[in-house]
Amino acid sequence: MNKTKKRFTEAYLGIYGLWLIAFVVAPLLLLVIQSVSVPGQGFSLSNYKEFFTSGPYLAMTVNSVWYAFLITMVTLVIAYPLALCLTKLKHRQFWLLLVILPTWINLLLKTYAFIGLLGKGGLLNSGLEHLGFGPTQLLFTNGAFLLVAAYIELPFMVLPIYNALLDIDPLLPAASRDLGASAGQTLKKVIWPLSLPGVKTGVQTVFIPSLSLFMITRLIGGNKVITLGTAIEEHFLVTQNWSFGSTIGVVLIIAMGLTMALTGEKKKKKKGGRR
Amino acid sequence: MKKLLMTFSGIALLLVLFIGLQFALTASRSQSDSGKKDTITFYNWGDYIDPEILKDFEKESGYKVNYQTFDSNEAMYTKIKQGGTNFDLAVPSDYMVAKLKDAGLLAKLDKSKLSGMSHFDKTFMNQSFDKGNEYSLPYFWGTLGILYNKKVVSEGDLKGWSSIWSEKYRHRLLLVDSARDVLGLTLLSQGKSVNDKNVADIAAAQGKLSSLMPNVKAIVGDELKLYMAQGEGDLAVTYSGEARNAMERNKDLAYTVPEDGSNLWLDNLVIPKKAEHKEAAYALMNYLSRPDVAAKNAKYIGYATPNKDAKALLPDSVKNNEGFYPKQDLLDKLQVYEKFNQYWTQKYNDAFLEFKLGKS
């Protein structure tokens, strides 16, 4: 009995191991190999040297990180109170469904819908005109880019926070109030720290994909916001310099790894402290 | 657990439904195919032929046409190279003809089997990407130019490419997101060639380009025609085909080619080396070169036809439109893009990238 169980585990491990090697390890290795094999030169770190010494690419990296940070902050500021409200509502599942619903719609369609909303003759502008403000340029502005990106990422921030909030024992905030803490204090000293794991997951799931957004930068930002995603797209499709495109990909992966490490470490410490 | 199971069986049900539908569709198609001559696979851009022409061709020749589409030259190249599907006739743009030819993927045209050669205008034959038209025949052609809103911009102000640098157009210009085109027009405005391979010239062009940024409202792709039709921009640098499309949606738009010349692009008919129905491909090629058919097609697509006898059959309002059929002296100034190697592609793209990064 025990033996067959063991064999099952081994078989499972084997299948998952193969899967991991074929679809995670191998592509990553290929990406790294591609990035250090420069056509005509063989193995070379020249791509990395070029990346870290060129003004434009460094500027793009700064842009990417800065905008990803802004998008994450905007979604967090919107998502946290939203998740908090959701946990207090009666028909939570229904309201949660409404938050998730937009993810059922194709990303491109949503983006095109925003073109219609933000455009010169769009809904928002005609609304503004009724209120007496002249037509305002909304499309192709940084604000519009942030708005659309945050809108698209919002469900991915709300869900983990909502789950973390739901996990909090309702007796804890009640006890806090009972012992004389104000609502604000309870939120700050009890609810917020207990929901931090959810916040971290949310930050990771929003920040990391935001680093390499490219379609929205063109459609809504009018290419006035240039991120590394744009550069990767260009290297793979236009210049066909896959080697340099891979280099940027590797740099992004390292950046993502750093983000994970930075947001993950604190979690461990917290756990240790609680015990 | 039960819920999860329900979800999965729901997905499985949908899958079965779709597969069944697809199966039924292909079954009904192959049934109607039986008893006919060969089926030719025509690999073309989406909506790039009058569907009636294909029907007429099928009726006249007895061949069946399977119309497959692609949305970029690169995608088409990859598919033809992979060779999984058999394509008998394809429509690459100029530089892609050269690339396909260099990769040995094209069949040489047997001129004795081509009946429509005499109908073509010499201006569009014997181009640098295929000297002597050994592998290709032109299908449609066009230019890079300026699409503008007649209500707020007058054509007289758009004589040369330098005009788009004018302070009048502050924050009103849309650009096509293409390094070759934007750098090319800058080089033209400085009296250089769109195929310039001189580092100093490219640096100078980049310098001039950076001063264009205050005028640029956005740098976009295919969406440009949509934005222009909606009035998002007052003028835009784009291709004649895209311009035509936008003009159909918004009557205030017009298109012009600056006098200092421009890029000439051509889409061409080619037969891939691995084509299995070459006879049928020649038959379709010849049918499409017939003046009456080419004219009908040009009316439907709205692009300029390289078939001079077909052009003569078009209404005056079309063939005398200088935006789409420029006069000969401007025609002589149009240049086809030469195929660049990776080094020069990169140079142009780097310059364009730095321009895009520049803050307005």
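Predicted model: local features only at pLDDT ≥ 70, side-chain atom pairs only at ≥ 80, totals over all residues.
Reader: Is M125(B) buried, partly exposed or exposed?
Author: A residue needs 20 or more other C-beta atoms within 10 Å to be buried, and 12 or fewer to be exposed. M125(B) has 17 C-beta neighbours inside 10 Å, so it falls in the class between, partly exposed.

Reader: Which residues does M125(B) touch, if those up to four places away in sequence are not counted?
Author: For a sense of the surroundings, M125(B) and L137(B) are 12 residues apart in sequence, with 7.7 Å from C-alpha to C-alpha. Contact is a matter of C-beta atoms within 7 Å. With residues up to four places away left out, M125(B) touches F120(B) and N133(B).

Reader: Moving on to β4(B), how many of its residues are buried?
Author: Strand β4(B) covers residues 136–149. This strand is mostly covered, and of its 14 residues the number buried is 13.

Reader: How many bridges join β4(B) to β9(B)?
Author: The two strands run antiparallel. Two of the pairs can be named: S136(B) has V270(B) as its bridge partner, and W141(B) stands opposite L266(B). The number of bridges joining β4(B) to β9(B) is seven.

Reader: Which residue of β7(B) is the bridge partner of G145(B)?
Author: Strand β7(B), residues 235–239, also runs antiparallel to β4(B), and five bridges join them. Within β7(B), the partner of G145(B) is T238(B).

Reader: Why is β9(B) described as largely enclosed by the rest of the structure?
Author: Side chains in a regular strand alternate between the two faces of the sheet. In β9(B), L264(B), L266(B), N268(B) and V270(B) point one way, while W265(B), D267(B) and L269(B) point the other way, and all are buried. The strand is largely enclosed because its buried residues number seven of seven.

Reader: How far apart are the centres of domain 1 and domain 2 of chain B?
Author: The domain assignment gives domain 1 as 37–140 + 267–325 and domain 2 as 142–264 + 335–357. Taken over C-alpha atoms, their centres are separated by 27 Å.

Reader: Which helix gives the largest share of the side of domain 1 of chain B that touches domain 2?
Author: The contact between the domains has 13 residues from domain 1 and 13 residues from domain 2. On the domain 1 side there are seven nonpolar, four polar and two charged residues. The largest share of that side, four residues, comes from helix α4 (residues 94–102) of chain B.

Reader: Turning to the contact between the chains, which element gives the most to the side of chain A that touches chain B?
Author: Each chain brings 20 residues to this contact. On the chain A side, α3 (55–88), α10 (215–219) and α11 (228–237) each supply at least two residues. With three residues, the element that gives the most is α3(A).

Reader: At roughly what angle do the axes of α3(A) and α9(A) cross?
Author: Among the residues that meet are A68(A) and I71(A) in α3(A), and V203(A) and F207(A) in α9(A). By class, this contact has 10 nonpolar, five polar and no charged residues. The crossing is right-handed. The axes come within 8 Å, and the angle is roughly 145°.

Reader: What is the phi of F140(A), which is not a glycine?
Author: Most residues other than glycine have a negative phi. F140(A) sits in the loop between α6 (123–130) and α7 (142–167) of chain A, and is buried, with 25 other C-beta atoms within 10 Å. Its phi is positive, about 65°.

Reader: Is N223(A) buried or exposed?
Author: N223(A), in the loop between α10 and α11 of chain A, has a positive phi of about 60°. The threshold for this class is 20 or more other C-beta atoms within 10 Å. N223(A) has 20, so it counts as buried.

Notes:
Residues numbered from 1 in each chain as written. Chains lettered and ligands numbered in written order. Contact = placed C-beta atoms within 7 Å. Pairing = 2+ DSSP bridges. Domains from an automatic or database assignment. Nonpolar A, V, L, I, M, F, W, Y, C, P; charged D, E, K, R; others polar. Axes fitted to C-alpha atoms, helices over the stretch in contact; angles between N-to-C directions. Left-handed = near helix turned anticlockwise from the far one by under 90°.
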